Amino acid sequence: MAVGGTAARVLARAGQGARAAGWGRPLGPEGTLGLLEASVVLREGALLALSKPTGLPILGRPGELSLAALLPALRRRLGLPAELHVVKAPARQCSGLVLLSGCRRTTEQLQRFFADARRRGQYPATYRAVTVGVPAEAEGEIRAGLCWQWQGDTAMVVPVPAPGRRSLARKEVKSTLTRYRVLGTAGGCALLQLQPRTAFPEQLPVHLTLLLCPALGDHEHSSRVGRVLGVPFLLPLEAAPTRTQVLDEELLRRLGLSPQQLHRLPLHLHLQQLVLPQGPLCAPLPPHFLRTLQRLELLEPMAGPPPQPAPPLPPH
């Protein structure tokens, strides 16, 4: 169920507006609606899937532009008869697949399907990420306890190196796991495939910092990775306040960016595939992601044959 070439081209053209919004002026409701309408990758029965741009929250704060606030208007534009519910979606700063349903029962069945898949040790979601740094191993797993912790007035997701049984039992800390695979490398950056086994807010950006390879455009967690003579190491939380990601001059030049533009660099983390009961559903990479791959010459064919899609899960 991968999106075809025509739909991909439409999404790429519509994405020019999202990229402009990400690097400067924000898109208003009408512009965002047009982008979402052009980003539909599946319309089948009660199901609707689209590829959202980076920076668009699913729920959002009161008065904030969000996917949930736009769903009634999107439903009318597409001529759908029923109210849409969110089944699966990436976080605000991620781009990628959003799975929607116009049937409450279908929504509940799919949510159980994804939860059961994780319990069976399967990986129904696949992401692509561009990282600053290359993992020491070509593939592996990242395991860590994660919890919410207050840093001043801000709640942050932080790793817990050795969570105790009590904290796990009380659900103060969650044991998390992500499988990764290097698809290509160039100039100290990497293109990764990420498959989370568990679901926790900000799991993937935090796991990438633990791998000492923060995602490009991660302005929240990347400050935890320091370097001495080019060798990366993990800084303690108290020594790594949140700040705009720091990139060296050579990488800035290759990306075509000035230091003043860095704070607008979007997160390069994209939900590319979901495995549904009827098979895998895919969405194309967004324009900003493709532009980065081209500028860094970070293309998957450089790493050999592309990975095979995850096998479909059995019907629930």
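The model is predicted, so local features need pLDDT of at least 70 and side-chain atom pairs count only at pLDDT 80 or more, while totals for chains, interfaces and linings use all residues. Residues are numbered from 1 along each chain as its sequence is written, and side-chain values use heavy atoms, with hydrogens and water left out.

A pair of aromatic rings is described by the distance of the centres and the angle of the planes. Searching the whole structure gives one aromatic pair. The ring centres of Phe 113 and Phe 114 are 5.7 Å apart and their planes stand at 65°, so the pair is edge-to-face; rings of Phe, Tyr and Trp (its six-membered ring) pair if their centres lie within 6.5 Å, and planes under 30 degrees apart count as stacked, over 60 as edge-to-face and the rest as tilted.

Phe 114 also has Lys 88 over its face, at 5.2 Å from the ring centre, and the charged end of Arg 179 sits over the ring of Tyr 123, 3.8 Å from its centre. For a charge to sit over a ring, NZ of Lys or CZ of Arg must be within 6 Å of the ring centre and within 35 degrees of the ring normal.

The largest pocket holds about 1400 Å³ of space, and among the 48 residues that line it, Gly 55, Ala 91, Arg 92, Gln 93 and Cys 94 lie nearest its centre. On a 1 Å grid over the protein atoms alone, a pocket is an open set of points with protein on both sides within 12 Å along at least five of seven lines, a cavity is a set where a 1.4 Å probe fits but cannot get out, and lining residues have an atom within 4 Å of a point. Grid points are joined across faces, edges and corners, and a volume is the space filled by probe spheres set on the points.

The whole structure has three cavities of 30 Å³ or more. The second largest cavity is lined by 13 residues, of which Val 157, Pro 159, His 221, Arg 224 and Leu 237 are closest to its centre, and about 80 Å³ of space lies in it.
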